[in-house]
Amino acid sequence: MRYFILIGDGMADAPMESLGGKTPLAAAHTEAMDTLARGGRMGLVRTVPQGCAPGSDTGILTLLGYDPRTYLTGRSALEAAGCGIPLAAGQAVCRCNFVTVSQGRLRSYSAGELSGESTAALLDALRGDGPFSALASSLGLTFFPEAPFRLLCIGPAELLGELETTPPHEILDRPVNAYLPTGPGGAAMGAVMQEARRVLAGTPPHSATDLWPWAPGRAMALPAFASLHKKRGALITATPLVRGIGALAGLSLLCPPGATGDPHTDYRAKAEAAIACFEEGQELVIVHVEAPDACSHSRDLPGKLRAIEAIDRQLLAPVARYLSRVPSRILVLPDHVTHTATGRHDAAPVPWLLYDSSEKKIGGLPYTEEAAGRTGQRYEDGTRLIFDFLE
């Protein structure tokens with residue numbers, strides 16, 4: 001038996017007036033998903049347990065069978081693991097986005113999709129600035145490039161570990177002064193932000209005006225996926241957060257050339273990598289695609305529709321064709337809801353579809369949030385879905 005899991009990050013959404021009351025998933029042309037759904041099963045799964053903030057950290061941990069209430073110490077800890085940055089005892093880490101602030105409001109959580117090259121250049125400018133470097137050193141802070149438009153900040157747990165922060169993608173067009181970091185380390189990080197603003201204003205033209213810290217976390221560990229599920233697997237992703245979950249779980253990690261973790265990713269390259277894993281004897285392959293979530297945060301509805309359709313046509317369809325020749329199971333689902341209208345995550349249950357080559361069903365419904373909620377099984381404990389899938 002071969003097992004394939006496709007995670008469309010933030011693919012689920014709410015009905016939108018501009019789409020005639022449909023969600024982007026329902027409005028997009030998704031022949032492969034709909035074909036599998038009509039021949040398989042659907043339902044809803046709660047990927048974000050009660051009391052947890054909605055996001056890929058909570059959602060993907062749940063989907064892999066790990067209760068985030070037990071294991072999660074903070075989103076940034078996963079990203080540090082994904083970047084191969086160890087955290088020593090007494091250390092913590094937080095994300096720092098380069099963002100665009102204009103007239104006191106946050107206009108872009110990614111500084112207009114700042115490139116990796118520009119991010120590296122801006123980090124060099126910060127490190128080379130005497131006052132900024134001196135302040136960071138006095139606080140015990142070290143910065144590392146982590147992804148396009150983002151850094152990781154490593155420092156003392158008493159400073160970073162207790163920060164209270166707000167994700168920048170959740171406050172688009174809102175006054176930033178209402179969401180500055182608070183808690184024991186809030187004043188110190190506020191000073192770092194002020195120095196960063198000064199440095200960024202004095203560097204060559206670019207779209208980044210500020211450095212925004214958020215999602216602090218301490219070192220964490222996970223039981224091995226192979227021990228938990230009695231199966232080894234490979235994880236294909238270009239997103240550091242997801243790579244960190246895979247690294248801590250002991251999954252084989254792949255990032256094929258062209259996979260970027262943004263809407264410009266090479267979907268076909270991910271499909272080819274998944275098929276190559278199966279050809280090499282891998283029993284389970286998990287593919288994560290960030291693009292729908294990124295488009296939602298940018299409130300880019302046409303982009304989200306294109307991303308969903310590309311996932312379906314360029315990634316799922318060729319893998320499903322390959323697996324049609326062998327006994328197989330395919331699971332397709334988002335990790336959480338992301339509203340394109342607001343750019344914010346939501347903890348609502350998400351639709352899953354499961355196709356088993358040994359179970360033939362005819363005349364089912366297409367894959368949509370509404371159909372999954374109306375016809376299928378609901379998992380309130382989202383960690384149970386993967387156990388049932390892999391049985």
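This report covers strand pairing, helix packing, one histidine and the cysteines of a predicted model.

## Basis

The model is predicted, so local features need pLDDT of at least 70 and side-chain atom pairs count only at pLDDT 80 or more, while totals for chains, interfaces and linings use all residues. Residues are numbered from 1 along each chain as its sequence is written, and side-chain values use heavy atoms, with hydrogens and water left out.

Helices (H or I, at least four residues) and strands (E, at least two) are DSSP runs, numbered from the N terminus.

Strand 1 spans residues 2-8. Of its 7 residues, 6 are buried, so the rest of the structure largely encloses it. Buried means under 20% relative accessible area, exposed means over 50%, and partly exposed lies in between (1.4 Å probe, protein chains only).

Strand 1 pairs with strand 11 (residues 328-333) in the parallel sense, over 6 bridges. Two strands pair if DSSP finds at least two bridges between them. Tyrosine 3 has arginine 329 of strand 11 as its bridge partner. Strand 1 also runs parallel to strand 10 (residues 284-289), again with 6 bridges. Here glycine 8 is bridged to valine 289.

## The hairpin of strands 3 and 4

Strand 3 (residues 91-102) and strand 4 (residues 105-108) run antiparallel and are joined by 3 bridges. Threonine 100 has serine 108 of strand 4 as its bridge partner. The two strands form a hairpin with 2 residues between them. In the turn, glutamine 103 has a positive phi of about 55°.

## Helix 5 against helix 11

The axes of helix 5 (residues 75-82) and helix 11 (residues 240-249) come within 6 Å and cross at roughly 75°. Axes are lines fitted to C-alpha atoms, for helices over the stretch in contact, and angles run from 0 to 180 degrees between N-to-C directions. Angles of 65 to 115 degrees count as roughly perpendicular, under 35 as roughly parallel, over 145 as roughly antiparallel, and the rest as oblique.

Helix 5 contributes Arg75, Leu78, Glu79, Ala81 and Gly82 to the contact. Helix 11 contributes Pro240, Leu241, Arg243, Gly244, Ile245, Ala247 and Leu248. Contact means heavy atoms within 4.5 Å. By class, this contact has 7 nonpolar, 2 polar and 3 charged residues. Ala, Val, Leu, Ile, Met, Phe, Trp, Tyr, Cys and Pro count as nonpolar, Asp, Glu, Lys and Arg as charged, and the others, Gly among them, as polar.

## Helix 2 against helix 14

Helix 2 (residues 31-38) packs on helix 14 (residues 301-323) at an angle of about 70°, with the axes 7 Å apart. The two helices are therefore roughly perpendicular. Glu31, Ala32, Met33 and Leu36 of helix 2 meet Ile308, Ile311, Asp312, Leu316 and Ala317 of helix 14. This contact has 7 nonpolar, no polar and 2 charged residues.

## Histidine 169

Histidine 169 sits in the loop between helix 8 (157-160) and helix 9 (186-201). Its relative accessibility is 6%, so it counts as buried. Leaving out residues up to four places away in sequence, histidine 169 touches Tyr109, Trp214, His297, Gly343 and His345.

## Cysteines

The structure holds 0 disulfides. A disulfide is a pair of cysteine sulfur atoms within 2.5 Å. For cysteine 83, the closest cysteine sulfur is that of cysteine 255, at 12 Å, too far for a bond. Cysteine 83 is partly exposed, at 27% relative accessibility.

Cysteine 94 is in no disulfide either. Its nearest cysteine sulfur, that of cysteine 96, is 4.1 Å away. Cysteine 94 is buried, with a relative accessible area of 1%.
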